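My notebook is open and the viewer is running. These are my entries on what I looked up, in the order I went.

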Amino acid sequence: MTLTNDPLWYKNAIFYELHIRSFADSNGDGKGDLAGIIPKLDYLQELGIDCIWLSPMFPSPLKDDGYDVADYFNIHPDYGTVDDFKALLDAAHSRGIRVITDLVLNHTSDEHPWFVEARKSKNNPYRDYYVWSDTDQKYKDARIIFVDTEPSNWTYDEATGQYYWHRFYASQPDLNYDNPAVADKMIEIIRYWLDMGIDGFRADAVPYLFEREGTNCENLPETHAYLKRIRAMMEAQYPGTILLGEANQWPWDLRPYFGGDPNDPTVPGDEFHMAFHFPIMPRIFKALKLGNTTDIINIMADTPAIPTNCQWCVFLRNHDELTLEMVTEADRQLMWQLYAPEPRMRLNLGIRRRLAPLLDNDRRKIELANAILFSLPGAPIIYYGDEIGMGDNIWLFDRNGVRTPMQWTAEPGAGFSQTDPADYWVPLIDDDTYGYPKINVAAQMTDPTSLFHTMKHFIAVRKAHPVLGWGRCEFLPLTNQAVLAYLHRREAAQMLMVGNLSDQIQTVTMPLPEFVGHTPADVLTEQTLSPIIEANYPLTLSPYQYHWLTFSR
């Protein structure tokens, strides 16, 4: 199997976020690595994913899980070598699987040689690679992102008597994109990895690249101009590669990151190929807890049309906390009450829990959440281990509780490594509910009723119906707010997703006048429903039941 030549492959792709340190250890040091991933590619191919998104793989002191980069041109020694990465690329591509990795554009580690040089003196040639000030009173309108740990976006550097700017941890000084040398160097880095054959990047923390007084230092015009420059280079020299934007912003603030014409989606985008739709995610969880779909419908109604050559990325969980930045303060408090009753479950403005524990390990809720994920407008992302329902450990440092070793088998060590589990970089999950003897890949692959097989089926059906990735989406107006219904259309293809987000039986009447005389069939179960004989179609749904429906005369 080889890669397709479709330059728009990402429009209907299934992404799989893989935390390198936690996936598979090839050399017995208790840490996952690139070589360990290669034997697991057959598993990912069977699951049906199209593209692996790798967590940061560059040399780093790992104060922020690799998002503090100390060298953009190499691989962290824990993960292997550049040759190991090339071998992984070749092995993935031979199976028709693409690979993207995190690219941290906004900042480096304070141990990066550029910053080590920059803080030696005010006259150092690398001084202007970073943002310095005599005062910590500049850019006061910029919010502090890591509110739990950072009192300011400025940190005083005693060696030179100035403050340096950082939007995240103080150990992550922001790069100065007003310096042409920095802007050019980052494009050189992008080209280095694209020349190696990588299929693109998930660009981290992009809204913050530039700073301007009197603004909140986010989403500035200069940032958009720089991203257009990157995109033009990629389109001209590396067609088929993508830039996936990580910007935790409202959809209307994200729309400019796709470029093109905001009033005409047929004009091609010229910035990001893809961007995460952050605000939909917490609203899915809220809807499942309250049995009310209103917030999902409202945020999708407020989501602007994007260029036809662009795509949203949708997700339920990832390597970070379940962020509650893009909700109201009242909703944040409500979500903490509903999903993080123990203070230890909370982190920054979010919740450090995995999907299965968040949804009470209730198979009905987990399936429904994924049925929504795989049918919303956008390309879905699966976080490693969620396809088998892995648990978490809220007592580990920072967000490591959702980054525990992948549970491959029920054998001691869970098949993650040959070394003593006591030497794993973080402990395995081994409780009675989520422990590896019970929750593991080997057991689920042999059980046709397992969550793994359900996820595999979602992926296969989604791929067989490209209307889900390409179609325009219309939400049906329903009087029953516990039921979510939306219709995808593309040319002659149409599909209706219906889901009951409550724990009670629900009866709903759906306005389907154009389908009178048709018979709905669920493409997931191959079940045929009763024919539609009048414009308002009645349907009864059991708790958390869902359908993906097509129509035939």
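This is a predicted model: local features need pLDDT of at least 70, side-chain atom pairs count only at pLDDT 80 or more; totals for chains, interfaces and linings use all residues.

Entry 1: I started with Arg399 and asked: is it buried or exposed? Its relative accessible area is 5%, and the cut-off for buried is under 20%, so Arg399 is buried. Next I looked up what the Arg399 side chain meets, and found a salt bridge with Asp320 at 3.0 Å, N to O. Asp320 has a relative accessible area of 17%, so Asp320 counts as buried too. I then followed the shared partners and got one salt-bridge network of Asp64, Asp65, Asp320, Glu321, Asp398, Arg399 and Arg403.

**Entry 2: other salt bridges.** How many salt bridges turn up in a search of the whole structure? The search gives 38. A reminder to myself: side chains of opposite charge can pair when their charged atoms come close. I picked Glu222 and Arg212, whose side chains meet at 3.1 Å, N to O. Glu222 is in helix 7 (residues 221-237), and Arg212 is in the loop between strand 7 (200-204) and helix 7, 10 residues away. Glu222 comes out at 25% relative accessibility and is partly exposed; Arg212 has 25% as well and is partly exposed. Then I took Asp295 and Lys286, which form a salt bridge at 2.6 Å, N to O. Asp295 is partly exposed at 21%, but Lys286 is buried at 14%. The line between those two classes is 20%, so this pair falls on both sides of it.

**Entry 3: helix 13.** Why call helix 13 (residues 363-373) largely enclosed by the rest of the structure? Because 9 of its 11 residues are buried. I listed the buried ones: Lys365, Ile366, Glu367, Leu368, Ala369, Asn370, Ala371, Ile372 and Leu373. At the N-terminal end I found a cap, Asp362, with a side-chain oxygen 2.9 Å from the backbone nitrogen of Arg364.

Entry 4: I looked up the largest pocket, and its volume is about 500 Å³. It has 24 lining residues, and those closest to the centre are Ala305, Pro377, Gly471, Arg472 and Cys473. Helix 10 (294-301), strand 10 (311-315), helix 16 (467-470) and strand 15 (472-475) each give at least two residues to that lining. By class, the lining has 15 nonpolar, 7 polar and 2 charged residues. The second largest pocket holds about 350 Å³ of space. Of its 18 lining residues, Thr4, Asp50, Gly96, Arg98 and Lys463 are closest to the centre.

**Entry 5: nonpolar cores.** From class I remember that in soluble globular proteins, nonpolar side chains tend to be buried together. Which residues touch the most other members of the largest nonpolar core here? Phe15, Tyr16, Leu54, Phe85, Trp193 and Trp548 do, out of 154 residues. Helix 6 (residues 180-196) supplies the largest share of this core, 9 residues. Apart from that core I found another of 18 residues, including Leu496, Val508, Leu512 and Tyr537.

Note on methods: Residues are numbered from 1 along each chain as its sequence is written. Side-chain values use heavy atoms; hydrogens and water are left out. Buried means under 20% relative accessible area, exposed over 50%, partly exposed in between (1.4 Å probe, protein chains only). Helices (H or I, at least four residues) and strands (E, at least two) are DSSP runs, numbered from the N terminus. A polar contact is a pair of N or O atoms within 3.5 Å; within protein, one must be able to donate a hydrogen and the other to accept it, and residues adjacent in sequence count only if both atoms are side-chain atoms. On a 1 Å grid over the protein atoms alone, a cavity is a set of points where a 1.4 Å probe fits but cannot get out, and a pocket is an open set with protein on both sides within 12 Å along at least five of seven lines; lining residues have an atom within 4 Å of a point. Grid points are joined across faces, edges and corners, and a volume is the space filled by probe spheres set on the points. Ala, Val, Leu, Ile, Met, Phe, Trp, Tyr, Cys and Pro count as nonpolar, Asp, Glu, Lys and Arg as charged, and the others, Gly among them, as polar. A salt bridge is a side-chain nitrogen of Lys or Arg within 4 Å of a carboxyl oxygen of Asp or Glu. A nonpolar core is a set of buried Ala, Val, Leu, Ile, Met, Phe, Trp, Tyr and Cys residues joined through side-chain atoms within 4.5 Å.
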